[in-house]
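Please go through the sequence and the coordinates together, and keep the numbering of the chain at hand while reading the paragraphs that follow.

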Amino acid sequence: MINITIPKADVSITERKQNENEEIKIQPIEGFIDLHEIPRDKGGIILFYDNQDELLFVGKARKLRQRVKKHLEDKVSPLREHRKEVHRIDVLFVEDAMEREIYETYIINALRARYNVEKAFF
C-alpha cells in the first residue's frame with residue numbers, strides 16, 4: 001500500500017469583503033486581493049474551498065499565481081460557474097511535475113473535491 005500525506009498549505013488567502021469606508025489600492029479579483037502572496041515562479045497544487053471549508057476544486061500549475069488568476073477570470077475554467085462559492089484558496093508548493101500529478105489526483109479523491117470530475121474515482 002502506498003502512503004501519501006497531504007502537505008500543509010504554504011500560502012492561504014481568504015476572500016475579503018470590502019468595507020464601505022475602506023479604500024483598497026489593489027483591485028480585487030472575485031473578492032481576492034491578496035493574490036500577490038502567491039509566488040509567480042513556483043509550481044504546486046491549488047485548493048479552492050467554500051465558506052464551509054468544503055473542497056470545491058483542486059488544480060496544479062507550473063506557475064501558481066498565473067493559474068489561480070486564470071481560474072478566477074478565464075471563461076474556460078472548470079470553476080467559471082462556481083466562482084462565487086470560493087471563499088479560501090490554499091497553495092502547496094510542489095516543484096516536481098510527477099509529484100504534482102500524484103498529489104492532485106490523491107487530494108481530489110481523498111478529500112472528494114466537488115467539481116473535479118475528470119480525475120475522480122469515487
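Once its neighbours within four places in sequence are set aside, A120 is in contact with I108 and N109, where contact means heavy atoms within 4.5 Å. A120 is found in the segment after α2, helices here being DSSP runs of H or I of at least four residues and strands runs of E of at least two, numbered from the N terminus. At a relative accessibility of 24%, A120 counts as partly exposed; buried means under 20% relative accessible area, exposed over 50%, and partly exposed in between, with a 1.4 Å probe and protein chains only. From A120 to V68 the C-alpha to C-alpha distance is 21 Å, at a separation of 52 residues in sequence.

This is a predicted model, in which local features need pLDDT of at least 70 and side-chain atom pairs count only at pLDDT 80 or more, while totals for chains, interfaces and linings use all residues. Residues are numbered from 1 along each chain as its sequence is written, and side-chain values use heavy atoms, with hydrogens and water left out.

K119 also lies in the segment after α2 and is partly exposed, with a relative accessible area of 21%. Not counting residues up to four places away in sequence, K119 touches K60, E101, E104, T105, I108 and N109. The C-alpha atoms of K119 and Y106 are separated by 9.1 Å, the two residues being 13 apart along the chain. R112, again in the segment after α2, has a positive phi near 55° in a residue other than glycine. A positive phi, of about 60°, is also found at D53, which is not a glycine and is placed in the loop between β2 and β3.

Which residues of helix α1 (residues 64-73) are buried? They are L64, R65, V68, H71 and L72. Seen down the axis of α1, these buried residues fall within an arc of 125°, so they line one face of the helix, the arc being that of the directions from the helix axis to the C-beta atoms. What covers them includes β2 (44-49), β3 (55-61) and β4 (88-93). In the loop between α1 and β4, S77 is buried with a relative accessible area of 5%, and S77 touches K70, H71 and R83, not counting residues up to four places away in sequence.

The aromatic rings come next. Rings of Phe, Tyr and Trp (its six-membered ring) pair if their centres lie within 6.5 Å, with planes under 30 degrees apart counted as stacked, over 60 as edge-to-face and the rest as tilted; by this rule the count comes to one aromatic pair. That pair is formed by F48 and F57 and is tilted, at 6.3 Å centre to centre and 45° between the planes. F48 counts as buried at 0% relative accessibility, and F57 counts as buried at 7%. A charge sits over a ring if NZ of Lys or CZ of Arg is within 6 Å of the ring centre and within 35 degrees of the ring normal. The charged end of K42 sits over the ring of F93, 5.5 Å from its centre, and R88 lies over the face of Y49, at 4.0 Å from the ring centre.
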